[in-house]
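This report describes a protein chain for a reader who is new to structural analysis. Please examine the sequence and the structure before reading on.

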Amino acid sequence: GKGALEINLEDAVPRMRAPGMITCPCPEYPDNKMLKDVGLEMQHSLHRLRMASTCFKEATQRDPADAEAWNWLANTQLNLEEFDAAQKSFSAAHSLQPQASYLINMGVALQRGGRHAEAVDAYRKGLVLDSNWPEAHLNQAYALLDMGRAQEAA
C-alpha cells in the first residue's frame, strides 16, 4: 500500500521508511550498523553503487562522527567517479580518525580528479603515517610525472 510499513520486533522496533522517499532500503534502527551493512551489501553483492551511497550518506547524517561510514561513503563516491565528493568524505574520515589509508585513498580521488599537486601532498602525508604502501608510492610517482616532475618521480 501507500502507508508506511512497521515491523515490531519487541524492543528493537524497526520501522520501514515512508514510501516515495529516496532512502536506504533498511529498517530504522537507533545506530548506524544496519545502514552500513545494507550499504556494503548494495555495493559489494548487488553492485548498486548509488543506493550504497545513499545508505552511507544516511549513516554520516545520523552520526557525523562515524569515520567508518565516511570512509565507505568515500569509497563508493570514488567508484561512482564523484572525485570531489570522495575527497571531502575521505577528509572527514581522516579528521575523525587519522589513518594512512584515508589519506592515500584521498590522494587517489584527487589524482583521478586531475588535482595532481594535492594528490602528491595527500600521498606524502599518508606515507608519513605508514610507508608500507607500494601502491601509494607508485601513484605518487604517476602524479609527479603528470605534473612534469620526472626527477622527483624516479
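Predicted model: local features only at pLDDT ≥ 70, side-chain atom pairs only at ≥ 80, totals over all residues.

## Surface and Burial

The chain has 154 residues, of which 43% are buried.

## Overall Architecture

The secondary structure of the protein chain consists of eight helices and zero strands. Read from the N terminus, the elements therefore follow the order α-α-α-α-α-α-α-α.

Contacts within the chain can also be described by separation in sequence. Among contacts between residues at least 6 apart in sequence, 40% join residues that are at least 24 apart.

## The Packing of α3 and α4

Two packed helices are described by the angle between their axes and the distance between the axes. For helix α3 (residues 67-79) and helix α4 (residues 83-96), the axes come within 8 Å and cross at roughly 160 degrees. Because angles over 145 degrees count as roughly antiparallel, α3 is roughly antiparallel to α4. The crossing of these two helices is left-handed.

Which residues make the contact between α3 and α4? On the α3 side they are A67, W70, N71, L73, A74, N75, Q77 and L78. On the α4 side they are F83, A85, A86, S89, F90, A92, A93 and L96. Sorted by class, the contact of α3 with α4 contains 12 nonpolar residues, four polar residues and no charged residues.

## Residue W72 in α3

W72 belongs to helix α3, which covers residues 67-79. Leaving aside residues up to four places away in sequence, W72 touches K36, L40 and F56.

The position of W72 can also be compared with that of A52. These two residues are 20 residues apart in sequence, and their C-alpha atoms are 8.9 Å apart in space.

## Residue S53 in α2

S53 is located in helix α2, which covers residues 49-62. Is S53 buried or exposed? Its relative accessible area is 4%, and a residue counts as buried when this value is under 20%; S53 is therefore buried.

When residues up to four places away in sequence are not counted, S53 touches L73, T76 and L80. One of these, L73, also takes part in the contact of α3 with α4.

Technical notes
Residues numbered from 1 in each chain as written. Heavy atoms only, no water. Helix = DSSP H or I, 4+ residues; strand = E, 2+ residues; numbered from the N terminus. Contact = heavy atoms within 4.5 Å. Axes fitted to C-alpha atoms, helices over the stretch in contact; angles between N-to-C directions. Parallel < 35°, antiparallel > 145°, perpendicular 65-115°, else oblique. Left-handed = near helix turned anticlockwise from the far one by under 90°. Nonpolar A, V, L, I, M, F, W, Y, C, P; charged D, E, K, R; others polar. Buried < 20%, exposed > 50% of the residue type's maximum accessible area, 1.4 Å probe, protein only.
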